[in-house]
Amino acid sequence: MVEQKRYALFLATLDSEFVKKTYGGYHNVFVTTFGDEGEHWDSFRVVSGEFPDEKDLEKYDGFVISGSSHDAFENHDWILKLCDIVKKIDEMKKKILGICFGHQIIARVRGGTVGRARKGPELKLGDITIVKDAITPGSYFGNEIPDSMAIIKCHQDEVLVLPETAKVLAYSNNYEVEMFSIEDHLFCIQGHPEYNKEILFEIVDRVLAQGFVKQEFADAAKATMENREADRKLWETICKNFLKGRVPTN
């Protein structure tokens with residue numbers, strides 16, 4: 001009998017009413033995107049102080065760290081605890097997929113610097129340029145490495161200084177580090193491969209209602225998805241290949 005693969009999701013955000021009503025919570029959004037049938041996924045709401053026991057880290061095949069409305073450079077107790085756990089998982093050489101805030105937390109743990117985005121926040125569908133030379137053909141990207149990929153962006157911070165051992169895998173006009181990897185077990189993405197148009201639009205409406213952005217900014221954000229979609233299928237494949245240690249045969 002094949003042993004069931006186990007994954008842990010570190011949720012650094014609370015569920016919005018919309019996500020709860022539409023998807024049953026962010027747990028389901030992530031597992032639908034990155035999970036496969038027959039796997040076991042546990043969620044830990046790290047933003048609320050929920051963490052796995054350190055002795056249980058060993059039983060997981062991989063970890064995913066979500067985005068957050070918090071800054072990865074803050075020193076809240078739960079963020080420091082998350083950094084500590086990530087350090088332990090890194091030492092175990094277990095796979096960690098870091099998304100947005102998670103991408104920045106991994107950079108911080110590995111000695112990089114995270115801060116406010118120098119060219120301002122992003123809330124939109126954007127294109128990132130892939131550094132093809134940095135990706136081994138036949139790795140989790142497959143043999144056909146794209147020149148660029150479309151991804152939903154929703155952040156106000158960025159990785160300012162990369163950890164020494166990190167490899168930049170993608171950049172954009174506004175940000176030098178859109179994606180990076182360290183060794184074979186850390187893979188970090190500034191954008192949101194798990195988001196769709198519906199989720200983006202709801203976030204835009206919410207931050208507009210809260211007065212965090214102006215109407216023009218909100219309209220511009222939605223306009224980026226008027227005639228096109230994110231490369232969600234491709235992101236899904238790459239992230240799954242990474243987490244599951246699969247080498248595609250295409």
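A quick word on the UniProt feature used below: its positions are given in the numbering used here, its name is shortened, and such annotations may be inferred rather than shown by experiment. With that in mind, here are my notes on this predicted model.

1. UniProt, in an unreviewed entry, puts the feature "domain: Glutamine amidotransferase" at residues 48–196. Over that stretch the chain is 16% helix and 32% strand.

2. **The chain as a whole.** I count along with the assignment here: seven helices and 11 strands in the protein chain. Its radius of gyration is 17 Å, close to the 18 Å that the globule rule gives for 250 residues, so the chain is as compact as a globular protein of that length. If you want a box to picture, the C-alpha atoms fill one of roughly 55 × 40 × 35 Å along the principal axes.

3. Of the 250 residues in the protein chain, 53% are buried. Take the contacts between residues at least 6 apart in sequence: 75% of them join residues at least 24 apart.

4. What is the strand order in the open sheet of nine strands? Reading across, it goes 2-1-3-4-11-10-9-6-7, and the pairing is mixed. Strand 2 (40–44) and strand 7 (148–155) are the edges, each pairing on one side only. On average, neighbouring strands of this sheet are turned by 25° against each other, ignoring direction.

5. Strand 6 (residues 122–130) runs antiparallel to strand 7, and eight bridges join the two. Look for Thr 129 opposite Ser 148 of strand 7. Strand 6 also runs antiparallel to strand 9, this time with two bridges; there, Ile 130 stands opposite Ala 170. Next comes strand 9 (residues 167–171) with strand 10 (residues 179–182), again antiparallel and joined by three bridges. Ala 170 turns up here too, opposite Met 179 in strand 10.

6. Phe 44 belongs to strand 2. Is it buried or exposed? Phe 44 is buried, at a relative accessible area of 14%, and the cut-off for that label is under 20%. Leaving out residues up to four places away in sequence, Phe 44 touches Ala 8, Leu 9, Phe 10, Leu 11, Glu 50, Phe 51, Pro 52 and Tyr 60. Ala 8 is 36 residues away along the chain, yet its C-alpha atom is 7.3 Å from that of Phe 44.

7. **Helix 2.** In helix 2 (residues 26–34), the buried residues include Tyr 26, Val 29, Phe 30, Thr 33 and Phe 34. Why do they end up on the same side of helix 2? They cover an arc of only 100° around the axis, and that is what puts them there.

8. **Cys 100 and helix 4.** Cys 100 is worth a click. It lies in the loop between strand 4 (95–99) and helix 4 (101–109), and its phi is near 55°, a positive value in a residue other than glycine. For context, most residues other than glycine have a negative phi. Cys 100 is buried as well, with a relative accessible area of 4%. Helix 4 itself is mostly covered, with seven of its nine residues buried: Phe 101, Gly 102, His 103, Gln 104, Ile 105, Ile 106 and Ala 107. Just after helix 4, Gly 111 takes a positive phi too, of about 95°.

9. **Glu 183.** Here is another positive phi in a residue that is not a glycine: about 50° at Glu 183. You'll find Glu 183 in the loop between strand 10 and strand 11 (186–189). With a relative accessible area of 40%, Glu 183 is partly exposed, whereas Cys 100 is buried.

10. **Asp 133.** The loop between strand 6 and strand 7 holds Asp 133. At 80% relative accessibility, Asp 133 counts as exposed, since the label applies over 50%.

Terms used:
Residues numbered from 1 in each chain as written. Predicted model: local features only at pLDDT ≥ 70, side-chain atom pairs only at ≥ 80, totals over all residues. Heavy atoms only, no water. Buried < 20%, exposed > 50% of the residue type's maximum accessible area, 1.4 Å probe, protein only. Helix = DSSP H or I, 4+ residues; strand = E, 2+ residues; numbered from the N terminus. Arc of directions from axis to C-beta. Pairing = 2+ DSSP bridges. Axes fitted to C-alpha atoms, helices over the stretch in contact; angles between N-to-C directions. Rg over C-alpha atoms; globule rule 2.2 N^0.38 Å. Contact = heavy atoms within 4.5 Å.
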